[in-house]
Amino acid sequence: MKIKYLKHNEIDFEKWDSCLNNSINHLVYAESWYLDIVCNKHWNALVLEDYKAVMPLPLKNKLGLNYIQQPIWTQQLGIFSSQLITEKLVLDFIKSVPKKFKAISCNLNTFNECNQLPLIPKTNLILDLSKDYDTLKSSFSTNTKRNINKANKNSIELDFASNNVEEFIVFFKSTLSSPAQELEINILKQIISYSLKNNKGFIVNATINNELIATCFILKSDKRLIYRVARSNEQGKENKAMFLIVEGLIKKYSNTNYILDFEGSEIKGIARFYESYGATIQPYYYLKKYNIF
């Protein structure tokens, strides 16, 4: 078994994406287009043999030190493979990170558990949408059902077909409690623009009298809908618009093979909102270590 270290210009992106798309733990975050955007093409990789398993290495440099760091807008990376990912394979990949990278600070995915590494579990919340809507709704909390009923009385319209990226970005910025860095905004805009053009995501808008009051951007793959960015203004909060947006997603994609991935949260109030729809915890793992193997 040979794990190779490849620089960005040495990666066969067709084989990379084929490995990702056929993996048992496929996540859009590790597809080459997504990594190119969030890392500005500053990522290299570890590859097992002829792309049997892969691990992206997002690159950072500070004060002359090279290190691996989780990029913005990216919940999980780590090792991806179509075969069973053993603890030994995870350890072998981490040991194969070149010594020139003095530190590793990244989130490994759900399938990358390894007792021999100093991994810290983090909370992701997912909802299996394979059941019919009525069955899924029966798992909603009483409070969530009440808020959905309230939203339905407020003449809120849902639109799953918006392609107005600029409108989304303007609304996103207007609802932040403190300004975001322009680099972060620009990366998000690139992700949304690419996704809409290539069927990798969509925007859901909630409006009252054609006025936008809440919106969310969903990253989409063949099996997963990732609740990536969601914002409400004061009117949206007052009218419980986000409750209706999430219910609309569940209703639209019930009886399918999709998983609604809320991306979880370590903030109890946000996690409780996701759990109120019947979402269950699926941990992933944070790794921070100095590269001293």
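**Figure 1. Elements around the largest pocket of the predicted model.** Strand β12 (224-232) and the helices α8 (234-238), α9 (241-253) and α10 each supply at least two residues of the lining of the largest pocket. The model shown here and in the other views is predicted. Which element gives the most to this lining? Strand β12 does, with 6 residues. In total, 35 residues line the largest pocket, and those nearest its centre are A230, G264, S265, I270 and Y274. The volume of the largest pocket is about 1000 Å³. Rolling a probe the size of a water molecule over the atoms shows where empty space is left.

Figure 2. E263 sits in the loop between β13 (259-261) and α10 (268-275). Is E263 buried or exposed? Its relative accessibility is 10%, so E263 counts as buried, since buried means under 20%. Apart from neighbours within four places in sequence, E263 is in contact with Y29, Q75, T123, N124, L125, I226, Y227 and R228. With one of these, Y29, the side chain of E263 forms a polar contact of 2.3 Å, side chain to side chain. A polar contact of 2.6 Å links the side chain of E263 to the side chain of R228. E263 and T74 are 189 residues apart along the chain, while their C-alpha atoms are separated by 9.8 Å.

**Figure 3. Strand β10 and its two partners.** Strand β9 (residues 157-162) runs antiparallel to β10, and 4 bridges join them. Opposite I203 of β10 stands S162. Strand β11 (residues 211-220) is also antiparallel to β10, and 8 bridges join these two strands. One of the pairs here is I208 with its bridge partner E211 in β11.

Figure 4. Most residues other than glycine have a negative phi, and most peptide bonds are trans. Where are the residues N40 and K240, which have a positive phi? N40 lies in the loop between α2 (32-38) and β2 (43-48), and its phi is about 55 degrees. N40 counts as exposed because its relative accessibility is 56%. K240 lies in the loop between α8 and α9, with a phi near 60 degrees. The relative accessible area of K240 is 25%, so K240 is partly exposed. N209 belongs to the hairpin of β10 and β11, which has 2 residues between the strands, and its positive phi is near 55 degrees.

Figure 5. How many disulfides does the structure hold? It holds 0. C19 is in no disulfide, and the nearest cysteine sulfur, that of C106, is 17 Å away. C19 counts as buried because its relative accessibility is 7%. C39 is buried, with a relative accessible area of 10%.

Conventions: Residues numbered from 1 in each chain as written. Predicted model: local features only at pLDDT ≥ 70, side-chain atom pairs only at ≥ 80, totals over all residues. Heavy atoms only, no water. Pairing = 2+ DSSP bridges. Buried < 20%, exposed > 50% of the residue type's maximum accessible area, 1.4 Å probe, protein only. Contact = heavy atoms within 4.5 Å. Polar contact = N/O pair within 3.5 Å; in protein donor to acceptor, adjacent residues only side chain to side chain. Disulfide = S-S within 2.5 Å. 1 Å grid on protein atoms, 1.4 Å probe; cavity = no way out; pocket = protein on both sides within 12 Å on 5 of 7 lines; lining within 4 Å. Points joined across faces, edges and corners; volume = space filled by probe spheres on them.
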